[in-house]
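Please read the following walk through a two-chain model with the coordinates open.

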Amino acid sequence: MPSWLEIIIRSLSFIVVVIFLTRMLGRKMAARMTYFDLIYGIVIGMIAAAISIKLVDVLSGVIALLTWSLVGIGLSYLSLKSKGVRDLIHGREAVVIKHGKIMEDQLKKMRFSPEDLLQQLRHKQIFNLADVEFAVMESNGEINALLKSNRQPITPKLLGIQTAVETGAQTVILDGNIIDEPLTTMGLNRGWLRTELEKIGVSPENIFLAQVDAMGELYIDLFDDSIQVPKPTAKQLLLNTLKQAKADLDAYSLDTDHPRAKQMYEQCARELSSVIYDVKHLLK
Amino acid sequence: MTTYSRVKQTLVSLKGAQANLERYSLIAQDEAAKKTFQRSAEKLQLITDRLQKRIQNMEWEEPQYKGF
């Protein structure tokens with residue numbers, strides 16, 4: 001057998017072996033690459049490469065590869081089971097900024113220069129160290145920072161605004177095909193969908209994508225983008241109806257001369273405005 | 001447009017709004033939202049009941065409007 005053919009065969013077979021090995025070692029590696037994971041990957045790759053270019057003979061190469069990968073699988077299993085092993089292999093996270101002050105000792109221990117710290121913070125859109133209250137270096141070297149409370153982005157909670165719960169929208173039509181499973185999880189069926197589509201005036205075959213949100217409202221995207229689809233306005237309309245009725249009731253209470261009727265209208269208007277306050281955030 | 005017919009119109013639109021709220025209370029996936037819609041629909045029911053009574057009184061006082 002010519003040596004070039006042997007190299008090709010070796011390479012091809014070890015590509016297959018490496019595919020299986022990486023699948024067995026788990027998905028964690030790519031998601032959260034610690035220093036150990038990185039070195040492990042490189043070693044396995046190097047052994048495979050050494051075998052395929054005939055630096056070592058197949059048998060010893062396979063033994064080395066098997067040992068490394070079996071130990072790797074064993075270690076990842078152990079580190080799932082025990083915190084001690086996890087800390088030993090991957091290291092633990094370190095607090096590098098506490099109460100707005102940099103912990104120089106920790107940085108030194110991690111071999112992290114101040115420039116590296118600043119660069120990592122800038123990567124997170126933090127250019128001013130004074131804005132950081134607390135920062136942690138994760139075991140993979142990434143730095144995550146908590147901003148001071150007056151520098152944090154505004155959330156509805158900070159402003160005291162009530163918001164409707166957004167349970168993710170369900171995709172009910174894809175590429176013109178109705179998908180039944182998400183429909184049933186929303187407690188709806190094809191009949192409902194057909195009625196809604198008839199209201200808008202499109203047939204399911206012309207729809208590229210349709211989603212139903214938690215409030216049962218339908219958003220659709222057509223194949224033909226030049227056709228304008230009416231936007232769902234039912235919620236807005238309901239809110240407007242309530243507001244209009246409230247204004248009307250206020251007007252009647254001013255118009256009428258009948259004292260009891262006046263009182264009744266005022267009470268109704270008050271109750272209606274409390275209803276509007278309650279449902280406003282749900283109807284936006 | 002007389003006050004009588006305007007009140008009647010408000011009553012009708014409130015009844016429509018109430019039906020919508022009840023519909024949302026059935027559709028809504030979130031428990032809290034469901035309850036809010038239910039409670040609001042009940043409140044609207046009270047309001048429409050009162051308006052209904054007022055309309056009856058108006059018909060009694062001014063029978064010439066009845067039916068408009």
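In chain A of this predicted model, helix 1 of chain A meets helix 4 of chain A through Arg10(A), Phe14(A), Val17(A), Leu21(A), Met24(A) and Leu25(A) on one side and Val58(A), Val62(A), Leu65(A), Ser69(A), Gly72(A) and Ile73(A) on the other. Contact here means heavy atoms within 4.5 Å. By class, this contact of helix 1 of chain A with helix 4 of chain A has nine nonpolar, two polar and one charged residues. The classes are nonpolar for Ala, Val, Leu, Ile, Met, Phe, Trp, Tyr, Cys and Pro, charged for Asp, Glu, Lys and Arg, and polar for the others, Gly among them. Helix 1 of chain A spans residues 3-25 and helix 4 of chain A residues 58-81; they pack at an angle of about 10 degrees with their axes 10 Å apart. That makes helix 1 of chain A roughly parallel to helix 4 of chain A. The crossing of the two is right-handed.

The terms are as follows. Helices (H or I, at least four residues) and strands (E, at least two) are DSSP runs, numbered from the N terminus. Axes are lines fitted to C-alpha atoms, for helices over the stretch in contact, and angles run from 0 to 180 degrees between N-to-C directions. Angles under 35 degrees count as roughly parallel, over 145 as roughly antiparallel, 65 to 115 as roughly perpendicular and the rest as oblique. A crossing is left-handed if the near helix is turned anticlockwise from the far one by less than a right angle, and right-handed if clockwise.

Residues are numbered from 1 along each chain as its sequence is written, and chains are lettered from A and ligands numbered from 1 in the order in which they are written. Local features of the predicted model need pLDDT of at least 70, side-chain atom pairs count only at pLDDT 80 or more, and totals for chains, interfaces and linings use all residues, while side-chain values use heavy atoms, with hydrogens and water left out.

Chain A is divided into domain 1 (3-88), domain 2 (94-151), domain 3 (170-231) and domain 4 (235-282), with bounds from an automatic or database domain assignment. The C-alpha centres of domain 2 of chain A and domain 3 of chain A lie 47 Å apart.

Consider next the sheets. In chain A, four strands form an open sheet in the order 2-1-3-4 with antiparallel pairing, where two strands pair if DSSP finds at least two bridges between them. Strand 2 (101-102) and strand 4 (143-147) of chain A stand at the edges with a single partner strand each, so one side of each is left without a neighbour in the sheet. Strand 1 (residues 94-98) of chain A is joined to strand 2 of chain A by two bridges, and Lys98(A) stands opposite Lys101(A) in strand 2 of chain A. Helix 7 (residues 114-123) of chain A lies across strands 1, 2, 3 (132-137) and 4 of chain A, at about 65 degrees to strand 4 of chain A.

Another open sheet of four strands in chain A has the order 6-5-7-8, again with antiparallel pairing. Its edge strands are strand 6 (177-178) and strand 8 of chain A, each pairing on one side only. Strand 5 of chain A pairs with strand 6 of chain A over two bridges, and Ile173(A) has Ile178(A) as its bridge partner in strand 6 of chain A. Helix 10 (residues 190-200) of chain A packs on this sheet, touching strands 5, 6, 7 and 8 of chain A. Four bridges join strand 5 (residues 170-174) of chain A to strand 7 (residues 207-212) of chain A; here the bridge partner of Ile173(A) is Ala210(A). Strand 7 of chain A and strand 8 of chain A form a hairpin with five residues between them, and Gly216(A) in the turn has a positive phi of about 75 degrees.

Helix 11 (residues 234-255) and helix 12 (residues 259-279) of chain A pack at about 160 degrees, with their axes 8 Å apart. That makes helix 11 of chain A roughly antiparallel to helix 12 of chain A.

In chain B, the axes of helix 1 (residues 3-27) and helix 2 (residues 31-61) come within 9 Å and cross at roughly 160 degrees. Arg50(B), in helix 2 of chain B, touches Met264(A), Gln267(A), Cys268(A) and Glu271(A), not counting residues up to four places away in sequence.
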